[in-house]
Amino acid sequence: MENKVSLFNTLTRKVEKFVPNEDGKVGMYTCGPTVYHFAHIGNLRSYIMEDVLEKTLRYVGYDVKRVMNITDVGHLTSDADTGEDKMLKGAKREHKTVMEIAGFYTDAFFADCEKLNIKRPDVVEPATNCIPEFINMIKALIGKGYAYEAGGNIYFDTSKLKDYYVFSSQSEKELMVGVRDDVEEDTNKRNKADFVLWFTKSKFDNQELKWDSPWGTGYPGWHIECSCISMKHLGEYMDIHCGGVDNIFPHHTNEIAQSEAFVGHKWCNYWFHVHHLNDRAGKMSKSSGEFLTVSLLEEKGYDPLVYRLFCLQSHYRKPLEFSFEVMDNMTSAYNKLVKKIGELDAEGELDKDGFDSFRARFEEALANDINTSSAITVVYDVLRSDLNDATKFELVKSFDYVLSLNLTRLQGEKCEPEVDKELEAYVLAKIEERKAAKKEKDFERADAIRDELLAKGIRIKDTREGTVWESV
Ligand code: AMP
Ligand code: ZN
């Protein structure tokens, strides 16, 4: 099929025409959440934009298979191999087991995704499901001379690669800025950039999750899980790998190192990275005490889809600053838009040429490196155009496959039979009259009113909440 979509590729630092390995098919991998706490709305910005990418590819005709891992083991508080195990930290905080924490926050993550209309990936695989695959890959890397044992752990030897810093010509120092927390020195490493594939000698006495391995009882490092899980479901060649920008280094850099050492050829062609959501105090993070969640937005009265609109209004490659003032403005923009769409008369003949020309404009906006704000402009242009209502409605419905903002939500209400205001006023007046008659113990009059209404096709019923009526 025609390759219509262009994407910025972190690997080449250029916007490139997207050409998948197999014509018409896309294998896409997304780094899933570390399930030791709720996702914050910053994490969800990444997942919203990745959802738009997936749906854009499907919209223009690709057959997409998307895989996501769930990080339930191995992710330490530093993205390098130091600090506390995040899952253990969550379990301690809540006096639960690691698996209880993982189950609870995995469900919470998908509940948030549902509220934001983020489609569940075709495959979702928790890391703890794949221990044999991790062990096999590590064994092969040792066999090929890319990994070594030191101080009881297994490390990847980055000096064996021609180019470890594949993502750019940036220096190691610059890349380290992306690392989230302090990095302490691990004296077992032969080279500073080496990373752990398997922790055998756990530095945490109470490490709950441990598995047998050829190197002793232990648990996997964080990076190995994404290489193995993606290959398990997508094979040795992958089209697109996604994540937030903080994943570029060291996580994705290490994924490439070990994957390509393992398969012996280029592994993934396109790298899609979403910039961060910040609040006024800076980057949002789960480790920093209070953070913004979808539930908190709801408690404050915001529709989660208004947050989705807020994300779509800016480009995924720009940092975005969150504020409640902007959410207020977005709420009123969203309500107006939905109301306008609700007022369209959806019945009628489709103007095929008009439909095709606006659909092409919408696709073009998204195909240009997922320019979601331009795509939303096309929605407004459709509504402003002189197309008939039915064509406008069909276009918006079609666009909403990608935007997923429930834009046609008020159309359903319009289909409900209109209440006859005059009849309603008449019935309510009769109900009041009957109530007064009953109060005066004039039951004859009360019954006469009931019969009079019934003769007109209205049945009334006395309930604990008062008298209600229906047409019969
Ligand atoms: P984690 O659960 O920490 O593994 O992160 C889940 C996803 O959210 C990863 O793709 C991160 O890169 C991404 N992420 C983390 N913080 C932010 C943020 N403030 N804004 C956008 N994405 C983020
Ligand atoms: Zn990952």
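These legends describe close-up views of a predicted model.

**View 1. The zinc site (ligand 2).** Three side chains coordinate the zinc ion (ligand 2): C31 through SG, C226 through SG and H251 through NE2. Along the chain, the donors follow the spacing C-x194-C-x24-H. C31 sits in the loop between β3 (25-30) and α1 (41-59), while H251 belongs to helix α7 (residues 248-263), so the pair ties together parts that are 220 residues apart in sequence. Both C31 and H251 are buried.

**View 2. The largest nonpolar core.** This core has 136 residues. L57, I240, Y307, F322, F399 and L403 have the most contacts inside it. Helix α1 supplies the largest share of this core, nine residues. Another core, of six residues, lies apart from it and includes V427, I431, I449 and L453.

**View 3. The surroundings of F322.** Neighbours within four places in sequence are left aside here. Beyond them, F322 is in contact with I41, L277, N278, D279, R280 and M284, among others. The list of contacts also includes L292, L297, Y307, F310 and M327.

**View 4. Packing of helices α4 and α7.** Helix α4 (residues 131-143) packs against α7 at an angle of about 70°. Their axes are 10 Å apart. An angle of 65 to 115 degrees counts as roughly perpendicular, and α4 and α7 are therefore roughly perpendicular to each other. On the α4 side, M137, A140 and L141 make the contact; they meet Q258, A261 and F262 in α7. By class, this contact of α4 with α7 has five nonpolar residues, one polar residue and no charged residues.

Notes:
Residues numbered from 1 in each chain as written. Chains lettered and ligands numbered in written order. Predicted model: local features only at pLDDT ≥ 70, side-chain atom pairs only at ≥ 80, totals over all residues. Heavy atoms only, no water. Donors = N, O, S within 2.8 Å, 3.2 Å for Na, K, Ca; no water. Helix = DSSP H or I, 4+ residues; strand = E, 2+ residues; numbered from the N terminus. Buried < 20%, exposed > 50% of the residue type's maximum accessible area, 1.4 Å probe, protein only. Core = buried A, V, L, I, M, F, W, Y, C linked by side-chain atoms within 4.5 Å. Contact = heavy atoms within 4.5 Å. Axes fitted to C-alpha atoms, helices over the stretch in contact; angles between N-to-C directions. Parallel < 35°, antiparallel > 145°, perpendicular 65-115°, else oblique. Nonpolar A, V, L, I, M, F, W, Y, C, P; charged D, E, K, R; others polar.
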